Amino acid sequence: MSAKHPIVAVTGSSGAGTTYVRDAFINIFRREGIKAAIIEGDSFHSVTREEFKQRVVEEAQQGNNHYSHFGPEANDFKALQETYRQYGETGETRRRYYLHNELRVREHSKRLGLELDAGNFTPWEDVPTGSDLLLYEGLHGNVVDEAQGVDTSKFVDLGIGVVPSVNLEWIQKIHRDHSHRGYDEKQVIETILRRMPDYVHYITPQFSLTDVNFQRVPMVDTSNPFVSRDIPSLDESKVVIRFKSPSKYNIDFPFLLSMIEHSFMSRRNTIVVPGNKMSLAMETILTPILEKLLSQSKRLQ
């Protein structure tokens with residue numbers, strides 16, 4: 001951790017909704033005048049899209065049917081840890097972007113004046129100087145890989161887990177990858193199954209290390225996520241918010257209960273809010289935490 005240059009990591013599986021939380025942070029940054037350096041977890045993949053497809057085939061030929069973007073073979077965990085270390089010590093680091101689709105290709109090709117292709121990366125570049133904090137959003141914000149000597153969580157000042165119930169997570173992923181990335185639904189299901197071992201070993205353990213977890217739970221039947229045609233709406237959901245250590249950030253539960261209508265506490269460190277109050281809950285909870293981190297940072301500079 002670095003009190004001088006805080007690092008905030010928003011971590012969640014593919015389809016979990018980390019972008020929703022990132023956008024909540026961006027709203028806070030804009031309202032509070034916070035300058036954040038933002039890095040995306042996909043930028044730490046170690047292979048391009050075509051290289052990944054080739055590796056899947058090669059690994060399957062050798063009997064490994066579980067090569068995935070969730071594990072260390074397709075990511076550079078050491079580079080992520082080094083990014084955290086650099087920023088924590090100096091307030092400076094480098095970043096790049098993974099180009100998921102043609103929209104992002106056009107955006108970054110224009111910005112950089114380069115000819116870029118979907119499924120590849122932009123060149124590494126320095127993040128803007130003078131940022132107040134670093135925000136990571138992606139799969140591995142708190143990842144630990146003992147075999148490589150990697151523990152990114154020790155550099156994170158505020159870890160946020162985005163953890164919908166697993167069936168909801170799969171429904172969201174199937175819809176997103178089919179509707180926005182053009183994948184066949186059968187392909188998406190095959191990807192979910194191939195990722196399962198890495199999901200268990202590298203994704204879920206992170207949520208015991210995060211400071212706050214937001215878990216959306218649908219109040220409708222999601223028993224078979226592979227045939228669902230609709231994503232349960234926020235109105236059809238509850239959000240379970242768990243604080244690892246409420247005293248660390250002086251969480252004021254009576255205040256939260258008074259601010260968020262129809263909320264209640266299910267455990268001494270857990271509050272449950274209506275799904276349509278998730279944005280309000282995030283901003284109400286996270287704003288004072290960020291203020292505390294930045295106040296500590298300014299005292300040290």
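1. His262 is exposed, with a relative accessible area of 58% (exposed means over 50% relative accessible area, buried under 20%, and partly exposed in between, using a 1.4 Å probe and protein chains only). His262 sits in the loop between α7 and β11 (helices are DSSP runs of H or I with at least four residues, strands are runs of E with at least two, and both are numbered from the N terminus). His262 is not a glycine, yet it has a positive phi of about 70°. For background, most residues other than glycine have a negative phi.

2. A word on what we are looking at: this is a predicted model, in which local features need pLDDT of at least 70 and side-chain atom pairs count only at pLDDT 80 or more, while totals for chains, interfaces and linings use all residues. Residues are numbered from 1 along each chain as its sequence is written, and side-chain values use heavy atoms, with hydrogens and water left out.

3. Asn250 is another one to look at. Its phi is positive, near 55°, and it is a residue other than glycine. You'll find Asn250 in the loop between β10 and α7 (253–259). Asn250 is exposed, with a relative accessible area of 59%.

4. Now the sheet. It is open, has eight strands and mixed pairing, and its order is β2-β5-β1-β8-β9-β10-β12-β11 (two strands pair if DSSP finds at least two bridges between them). The edges are β2 and β11 (264–267), each pairing on one side only. From one strand to the next the twist averages 20° (axes are lines fitted to C-alpha atoms, for helices over the stretch in contact, and angles run from 0 to 180 degrees between N-to-C directions).

5. Some pairings to check on screen. β8 and β9 are parallel, with three bridges, and Ile160 stands opposite Val212 in β9. β9 and β10 run antiparallel and are joined by seven bridges; Pro218 has Ser237 of β10 as its bridge partner. β10 (residues 237–243) and β12 (residues 270–274) are antiparallel too, over five bridges, with Val240 partnered by Val272 in β12. As for β9 itself (residues 212–218), five of its seven residues are buried, so the strand is largely enclosed by the rest of the structure.

6. Helix α1 (residues 18–32) has the length you'd expect: at 1.5 Å a residue its 15 residues should span 21 Å, and its end C-alpha atoms are 21 Å apart, which agrees (the expected span is 1.5 Å times one less than the number of residues). The buried residues of α1 are Thr18, Val21, Arg22, Ala24, Phe25, Ile28 and Phe29. Seen down the axis, they fall within an arc of 155°, so they line one face of the helix (the arc is that of the directions from the helix axis to the C-beta atoms). They pack against β1 (7–12), β2, β5 (133–138), β8 (158–162) and α8 (278–300) (contact means heavy atoms within 4.5 Å). Just after α1 comes Gly33, with a positive phi of about 70°.

7. Helix α3 (residues 77–90) lies across β1, β2 and β5, running at about 165° to β5. Its 14 residues should span 20 Å at 1.5 Å a residue, and its end C-alpha atoms are 20 Å apart, which agrees. Buried here are Phe77, Leu80, Gln81, Thr83, Tyr84, Tyr87 and Gly88. They cover an arc of only 155° around the axis, which puts them on the same side of α3.

8. In helix α4 (residues 102–112), the buried residues are Arg104, Val105, His108 and Ser109. Their arc around the axis is only 125°, which puts them on the same side of α4. What covers them includes β2 (36–40). Leu103, Arg106 and Lys110 are exposed, on the face turned away from the buried side. α4 is followed by Gly113, whose phi is positive, near 70°.

9. Last, Arg195, which lies in helix α6 (residues 185–203). Arg195 is buried, with a relative accessible area of 10%. Leaving aside neighbours within four places in sequence, Arg195 is in contact with Ser14, Ser68, His69, Phe70 and Lys173.
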